[in-house]
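Let's take a look at a protein model together. Have the sequence and the 3D view handy.

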Amino acid sequence: MNAPVNPPKLHDCRDAFASTLERLAGENETIVAVCNDSVGSSKLGGFKSRFPERLVNVGIAEQNMVGVGAGLANGGRLPFVCGAAPFLTGRSLEQIKADISYSNANVKLVGISSGMAYGELGPTHHSIEDFAWTRVLPNLPVIAPCDRIETAAAVAWAATYSGPCFLRLSRVGVPDLLPEGHTFELGKANLLRQGSQVTLIANGTLTHRIVKAAEILADRGIDARVLNLATVRPIDEEAIIAAARETGAIVTAEEHSIFGGLGSAVAEVVVDHAPVPMKRLGVPGVYAPTGSAEFLLDEYGMSPSAIADAAQALIKRK
């Protein structure tokens, strides 16, 4: 009898964000953190202890928080504006559009506990529209790292990037997928597994699920390519077009509505350049009910086995 396999260690990407930001702040005195009474949930306790004069807590006032971030940037500071993703984006969309995107302000927006990480708190706390809202705005790169390593790399990149960006971070634990020392490249996909029969694409918390789905497909004799598409905008058109032409079918999975998110972004590239059968997995245009993030993802067909089933069914349409 085979010995039980130890499950991979899971990491909270917020920890990688906070430790990286604290390290960078020690190297760059212009870095400041701005939050909406979310020192704890944004993991900024260490930052507050080391740099109390560089943490601005505006209280539960997200629109004001974004404006404060823009003002600090105009004054030569490098602000990381942190808050729960549904409130940072939904409540402050006008300010993000006018003060950040239109003004091309050097503000790093950090949406914490994205997707359905706040699942037990219900639909008002789910952030399943934020890709759609942010990716339409000019000048605003939209990034959803897949693990702690990519999170740290993306934060380090953001600190050197001249302009605004939106980092989407979950609180749901995920395993390491990328190698230590990984360097983040804006707009570049990571090929996690080569394959020729179908391509699985995800980012954020769904990436490790499509990796598992590819392993299930391999056991069924199906060769699946796996792409981690952390950058939703600008999107890696080259990798998507190659996947479409070389594998002939694409499945996307995301902790977001199927309308306007990663799947939509991929579909836009596919229909323009290399039309092939696609299946978009996500929340199907409804308010997700109350429940844990794991339960909700499984409920909407995004367990590894369900993703594998969707890919296998899609191959038959080729």
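## Before we start

This is a predicted model: local features need pLDDT of at least 70, side-chain atom pairs count only at pLDDT 80 or more, and totals for chains, interfaces and linings use all residues. Residues are numbered from 1 along each chain as its sequence is written, and side-chain values use heavy atoms, with hydrogens and water left out.

Helices (H or I, at least four residues) and strands (E, at least two) are DSSP runs, numbered from the N terminus.

Five strands line up as 7-9-8-11-12 in an open sheet with mixed pairing; two strands pair if DSSP finds at least two bridges between them. At the edges sit strand 7 (190-193) and strand 12 (278-283), each pairing on one side only.

Strand 11 (residues 250-257) and strand 12 run parallel, joined by five bridges. Look for Thr 252: its bridge partner in strand 12 is Arg 280.

## Helix 5 and its two sides

Which residues of helix 5 (residues 93-102) are buried? They are Gln 95, Ile 96, Ile 100 and Ser 101, where buried means under 20% relative accessible area and exposed over 50%, with partly exposed in between (1.4 Å probe, protein chains only). Seen down the helix axis, these buried residues fall within an arc of 150°, so they line one face of helix 5; the arc is that of the directions from the helix axis to the C-beta atoms.

The face turned away from that buried side carries the exposed residues Glu 94, Lys 97 and Tyr 102. Just after helix 5, Asn 104 takes a positive phi of about 50°.
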